[in-house]
Amino acid sequence: MEPDAALDEQIISLIASNIAGKFKKVNICKQTSLQKELGLDSIGMLALVFRFEELFGVDIAQMGIEVNVAKLKTVDDLINAGRDILSKAQASQVS
Amino acid sequence: MDNQKHKYLIVDCHSHIASEEHTPLSFIEGSIANIVVSLSAQGVPVTAKKLTNMFLSKMQDPLADGLVAEMEEGGISKSVLLIPDFTFALKDCKLTIEESFNRHREVLRRHQGKFEVFGGVDPRWGKDGLALFERSLVEFGFRGLKLYPPCGYNPSDPALFPYYELCAYHRVPVLLHIGPTSPVLDFSISSPFLLDEAARLFPNVNFILAHGAVSFVEECIMMCRFRPNVYLDISGYQATLGYDPEATAIKKVVSVGINHKVLFGTDFPVFRLQGDQKTFVDALISESGPLAELNERERSLVLHQNVERLLESSVGVAA
């Protein structure tokens with residue numbers, strides 16, 4: 001599996017582990033809406049952010065990155081945000 | 001959805017300036033305590049400090065420039081800024097209530113035509129508070145009274161009657177918080193029925209029950225149906241969108257014959273971690289949203305005409 005694809009899978013697994021109740025039945029793809037189709041409310045989104053930090057060993061606030069939850073509409077948005085955060089984390093380690 | 005941005009005229013009857021100047025840290029930390037309990041129970045690694053810092057990062061808009069930008073994006077032409085007076089109940093407020101009024105007056109001047117302001121005064125401030133409220137109507141150009149009963153007073157307390165007399169004289173509405181709030185305050189005096197005596201004694205004053213599609217929904221509907229001078233706003237509906245994306249509570253409120261009493265509101269910036277104003281407007285007016293089954297006339301009443309009707313009865317002065 002390509003590195004990007006592996007990361008996508010990790011993030012989708014992360015999302016799946018945060019879905020509850022009737023939304024568990026939804027088949028998650030990149031176009032899936034986080035709120036409407038997966039029922040992720042503000043607390044659910046926060047839980048996702050914190051679990052992401054734990055999984056990848058990053059502290060988003062300390063890195064000075066602002067995650068605009070309002071812009072995260074779909075699974076793909078979240079994957080792209082995750083990639084962005086991790087690339088910035090790697091860049092800061094190199095510098 | 002983008003083409004819906006300008007399809008409807010929208011007035012937000014319930015918003016606040018996003019700044020720690022007007023909301024004490026104890027109030028915010030109290031609200032965050034509930035989120036920490038919820039996340040911790042799910043095994044999410046989180047601290048209150050971290051969450052507080054995240055929320056405070058969204059509270060850095062003292063001149064409301066950010067809010068105006070979000071209104072533009074969401075197609076909201078005007079917003080009512082509310083000033084809840086926490087200064088009597090919570091002692092860690094950064095500003096006095098008079099200073100808070102002055103800051104809002106500056107915002108009113110800065111963004112001509114974008115805002116109206118409802119000033120709030122805790123009735124326990126006595127004559128000074130009443131004088132400040134009157135000045136806000138006569139000199140500052142404010143257009144209503146904001147009450148926050150969970151701070152420790154009943155909306156039918158006779159101490160508020162002089163305020164209601166002023167509201168009747170200047171023909172401005174009263175908007176009061178309904179339902180639970182930050183746990184540092186008193187939930188037991190947040191019921192809409194506590195307003196009943198005041199609403200009966202002051203039939204010429206219009207009262208708006210805030211969050212009427214979120215808390216005590218049946219009671220709020222009842223008050224609106226049977227008291228000609230009682231209205232409700234739907235602000236806070238964003239809290240339910242996660243588990244109820246169709247916003248069925250709002251659907252219920254707009255299906256019981258009181259659409260001449262229902263006002264659109266967002267409670268900005270309370271839900272800024274969840275989305276922006278456009279997100280919240282879109283959720284309401286989308287084809288599957290809770291207002292979809294209303295006809296044009298009813299939708300216009302809810303989105304802007306009802307609040308405009310309440311505001312236009314007041315004379316208003318330059319800010």
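Predicted model: local features only at pLDDT ≥ 70, side-chain atom pairs only at ≥ 80, totals over all residues.

Reply: What follows goes from the sheet as a whole to its strands, then to a helix beside it and to some loops.

In chain B, 8 strands form an open sheet with parallel pairing, and their order is 1-2-3-4-5-6-7-8. Strand 1 (10–15) and strand 8 (262–263) of chain B each have a single partner strand and stand at the edges, so one side of each is left without a neighbour in the sheet. Helix 11 (residues 296–312) of chain B packs on this sheet, where it touches strand 1, strand 3, strand 7 (230–233) and strand 8 of chain B, and its direction makes about 65° with that of strand 1 of chain B.

Two of the pairings can be followed residue by residue. Strand 2 (residues 76–82) and strand 3 (residues 115–120) of chain B run parallel and are joined by 4 bridges, and in this pairing S79(B) has F115(B) of strand 3 as its bridge partner. Further along, strand 4 (residues 144–147) of chain B is joined to strand 5 of chain B by 3 bridges, again with the strands running parallel, and here L147(B) stands opposite L176(B) of strand 5. In a regular strand the side chains alternate between the two faces of the sheet. Strand 5 (residues 174–177) of chain B has V174(B) and L176(B) pointing one way and L175(B) and H177(B) pointing the other way, and all of these are buried.

Helix 4 (residues 97–110) of chain B deserves a separate description. Its 14 residues reach 20 Å from the first C-alpha to the last, which is close to the 20 Å expected at 1.5 Å a residue. The buried residues in helix 4 of chain B are I97(B), S100(B), F101(B), H104(B), V107(B) and L108(B). They cover an arc of only 115° around the axis, which puts them on the same side of helix 4 of chain B. What covers these buried residues includes strand 2, strand 3 and helix 5 (126–138) of chain B. R103(B) also lies in helix 4 of chain B, but R103(B) is partly exposed, because 18 other C-beta atoms lie within 10 Å, and a residue counts as buried at 20 or more. Leaving aside residues up to four places away in sequence, R103(B) touches E21(B), P62(B) and L95(B). The C-alpha atoms of R103(B) and I17(B) are separated by 9.6 Å, although the two residues are 86 residues apart along the chain.

The loops hold some backbone features to check. Most residues other than glycine have a negative phi, and most peptide bonds are trans. R171(B), in the loop between helix 6 (161–170) and strand 5 of chain B, has a positive phi of about 55° although it is not a glycine, and R171(B) is partly exposed, with 18 other C-beta atoms within 10 Å. F216(B), in the loop between strand 6 (207–210) and helix 8 (217–226) of chain B, likewise is not a glycine and has a positive phi, of about 50°; F216(B) counts as buried because it has 20 C-beta neighbours inside 10 Å. Finally, the peptide bond from F268(B) to P269(B) is cis, with omega near 5°, and P269(B) is found in the loop between strand 8 and helix 10 (277–285) of chain B.

Technical notes: Residues numbered from 1 in each chain as written. Chains lettered and ligands numbered in written order. Pairing = 2+ DSSP bridges. Helix = DSSP H or I, 4+ residues; strand = E, 2+ residues; numbered from the N terminus. Contact = placed C-beta atoms within 7 Å. Axes fitted to C-alpha atoms, helices over the stretch in contact; angles between N-to-C directions. Expected span 1.5 Å × (residues − 1). Buried ≥ 20, exposed ≤ 12 C-beta atoms within 10 Å, placed from the backbone. Arc of directions from axis to C-beta.
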